[in-house]
Amino acid sequence: MYLDIKKISKAYGDRKVLQGISLQVAANSTISILGKSGCGKSTLLKIIAGIEKEDTGTVFLNDANISNKKPNERNIVYLFQEALLFPHLNVFENIAFGLRIRKEDKHQIKTKVEYLLQKLDIEKEAYKMPGQISGGQKQRVAFGRAIIINPPLLLLDEPFSSLDVETRENMQQLYKIVAAEYNITSLFVTHDLKECLVMGDRIAYMENGALTVYNNRKDFIEDIKTGVKGEISFWNTL
Amino acid sequence: MHKKRTISLFLLVIYCVLPILVLFALSFSLNWVYPNILPQTFTLRHWKEFLFDGNGLQQSFFNSLTISLFVAFTSTLLGFICSKWIAYHKRRRLLLLVTYFPFALSPVIFAICLKFYFLKAGLAGNLPGIIIAQLIIAFPYATIFFTSFWNKSIKDYSNIASTLGSSPFNSYLKIIFPLAKSFLLTGFFQCFIISWFEYGLTNIIGYGKVQTLTIRVFQFIGEANIFYAALSSCLLILPPVILLWVNKKFVVHQTR
Amino acid sequence: MKIKTSNSISFLLLVVFAIIPLLLGLGYALLYSFGIVGVLNHGFTLQNWEAAFANNEVLYSFFYTVGLSLVSLFSCVSTGIFLALYFGKKLQKGIGSYIIYLPMAFPSVVAAFFFFQFLSNAGLLSRLCYKLGLIKSVTDFTNLVNDQYSIGIIAAQFFLTLPIFVLLYISIIANENIERLSLLATSLGARKSQVLWRITIPALLKKSFPTIVLYFIFKLGTYEIPLLLGRSSPETVSVLIVRKMQRFNLMDIPQGYVVAVIYALLVIVLLIFSFKSSHTVADA
């Protein structure tokens, strides 16, 4: 398994946010995690990224224990809910950031960034500042900034939740295309049922700090607590 | 209504500008006999004496400038470092309260309480002593000021940069400092002004031996020499006017 | 490891530049006031504390300082709200937005000097009154500095502090949706005056309360202005303390430290109050 999380626990004071979470993710695949607000999904991602420290448990990436590594040494990119583009850098430089700090060749950077801008359909916005582009465009830039460095693992924390329905669907499709092209392994966290089903090759459900991983979609749909059956019944009774 | 507003605004402008005009007028005067509104004789003598250091004012000006630049630079740097720790600390509010206290105390009273230690340490009546004393009030101010910079967004930017592979040094250089530029400049200006304006603490710790501009103003007032007092006052006001203008025009716009 | 080092440095900076001076200064003042240290120390005694309150000088000084601060603050807050509401946009751009900053370029000593030249009976205001025929000689003009009502002090402090409150209230109006709240109140049937007194002013005061308390603390410790423009009795707390400490009468020095300790305690209490109120305001 590419990502192997073993019995991660985390508590803030008396509040147990994560309780012995174990999860495996195969290379070049996406696992989507469905969960309501406050169930601990963001905390799990932050622990994997190294931004927060677990109380117990270990994180293995490609068979190496990365639990004690700093965030900048893990090569795991975390995508926040808000795009959080660097406000003083234009779109081009935001995407190029990861390559610049890795001191890649200038011409290489230009080529890679321009290719990605085209792929993400934001070429015309290349030299605009973050304040001059829309929410959907910002998310594309944030996404481009993350994948341009070919991260072994990408953690997406409800990245499309602030977008309108149509933009969201476009972003979902775009992500799937680009993820396939760049062979990305990722964890996709969401509170949206449909998004969870669309984005993940495998699906998990998180509640009160505990994680349930499903072998297939059928098992996920059949489990009442995921809410799929409830949704279906709602639409059927209308 | 529009006329009333215009007149009121005009009065407000007078209120703000009149003191500067009066001080400048007096600094160019030789006498101001009652009941004349304007001084009888205008002269460049006082300003010439300042420029050619006939009255020691130049030395006082440079004393003040040296002290203020040093205090501003040091308190900005140290305050910026310390503020990050406080801003993200669990007990942020308590630490801020502790930091506020030396800043809230009257500098002259604080100086009186610390005078004993400065004497013992050989720091009374000299420039280093005054710089250290002023740092004791400027550093807490700088820390409090910069604490508001370290918000959740800055932390998130640092985290993003980190997950993109940036070392802490690179994150500071390429992300934090560019974003903090306007904050740092404003903080520097404000610490400069705190030091530049300081009289009571400087007088107590300096024992009157270190002649800063504020001390000279007091001396001239005591001697009833209103023209030199006005000149020193103009010298005191000039740098802050320039700094406030620069801050308003360039720094505030950057944050937008 | 690196993060922990920078945390230690920050902690050390706070201790060296803030905590230690505070403890040393207040500790010395406390010990001196109780006769434990000092030129004439004879060991622990309450004599100095008794002497400080023997006549009413210290008490009057505190009452006077508090009263002066309240009057000065009240005038700044009320005028600041008025100007922010009345001029608002004119002070946010153009020449008005630069002019309002000018008084902030004045140190206290210069403001005191100017107001002395402006308000004394041979000052500019007196000369204007003479030219307008309102007075016939210099003695006809009431001296407004070093006077009974501390007009000079209030005027100088007002001059220096007003811009701060004007800018504060302009900022609150812009950021706290005061206009929207006013529109909402109007749509609920409130008249203009009701909107002003029931919505706008209370909202502004509530939001600015921690700042008001903080400036009250600053005004309590003001030194240069009352030194130059104040009367000989009662004096403000800071002037009283400095006078007692710098006199040749060594018996006065411990009393000066007594007043300093009381002042410091008052500042601590007010600071804690200000912090608690800012917590409440932030939660609202």
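## Basis of the model

The structure is a predicted model, in which local features need pLDDT of at least 70 and side-chain atom pairs count only at pLDDT 80 or more, while totals for chains, interfaces and linings use all residues. Residues are numbered from 1 along each chain as its sequence is written, and chains are lettered from A and ligands numbered from 1 in the order in which they are written.

## Chain B as a whole

Chain B contains 11 helices and 2 strands (DSSP runs numbered from the N terminus, with H or I over at least four residues for helices and E over at least two for strands), and along the sequence these follow the pattern α-β-β-α-α-α-α-α-α-α-α-α-α. Its C-alpha trace spans about 70 × 65 × 35 Å along the principal axes.

Of the 256 residues of chain B, 48% count as buried, a term that applies when 20 or more other C-beta atoms, placed from the backbone, lie within 10 Å of a residue's own, whereas 12 or fewer make it exposed and values in between partly exposed. Among the contacts in chain B with a separation of 6 or more, 71% join residues 24 or more positions apart; a contact requires C-beta atoms, placed from the backbone, within 7 Å.

## Where chain B touches chain A

On this interface, 14 residues of chain B are in contact with 18 residues of chain A. The elements of chain B that each give two or more residues to this side are α7 (152-163) and α8 (168-197), and α7(B) gives the most, with 6 residues.

By class, this side of chain B has 6 nonpolar, 7 polar and 1 charged residues (Ala, Val, Leu, Ile, Met, Phe, Trp, Tyr, Cys and Pro count as nonpolar, Asp, Glu, Lys and Arg as charged, and the others, Gly among them, as polar).

## A helix pair in chain C

In chain C, the axes of helix α8 (residues 178-187) and helix α9 (residues 192-220) come within 10 Å and cross at roughly 155°. The two helices α8(C) and α9(C) are therefore roughly antiparallel to each other, as angles over 145 degrees are classed.

From α8(C), Ile178(C), Leu181(C), Ser182(C), Ala185(C) and Thr186(C) meet Val195(C), Ile199(C), Thr200(C) and Ala203(C) of α9(C). The residues of this contact divide into 6 nonpolar, 3 polar and no charged.

## Lys16 of chain A

Lys16(A) lies in strand β2 (residues 15-25) of chain A and is partly exposed, with 16 other C-beta atoms within 10 Å. Leaving aside neighbours within four places in sequence, Lys16(A) is in contact with Ala11(A) and Gly209(A). The C-alpha atoms of Lys16(A) and Asn208(A), which are 192 residues apart along the chain, are separated by 8.1 Å.

Notes. Two residues are in contact if their C-beta atoms, placed from the backbone, lie within 7 Å. Axes are lines fitted to C-alpha atoms, for helices over the stretch in contact, and angles run from 0 to 180 degrees between N-to-C directions. Angles under 35 degrees count as roughly parallel, over 145 as roughly antiparallel, 65 to 115 as roughly perpendicular and the rest as oblique.
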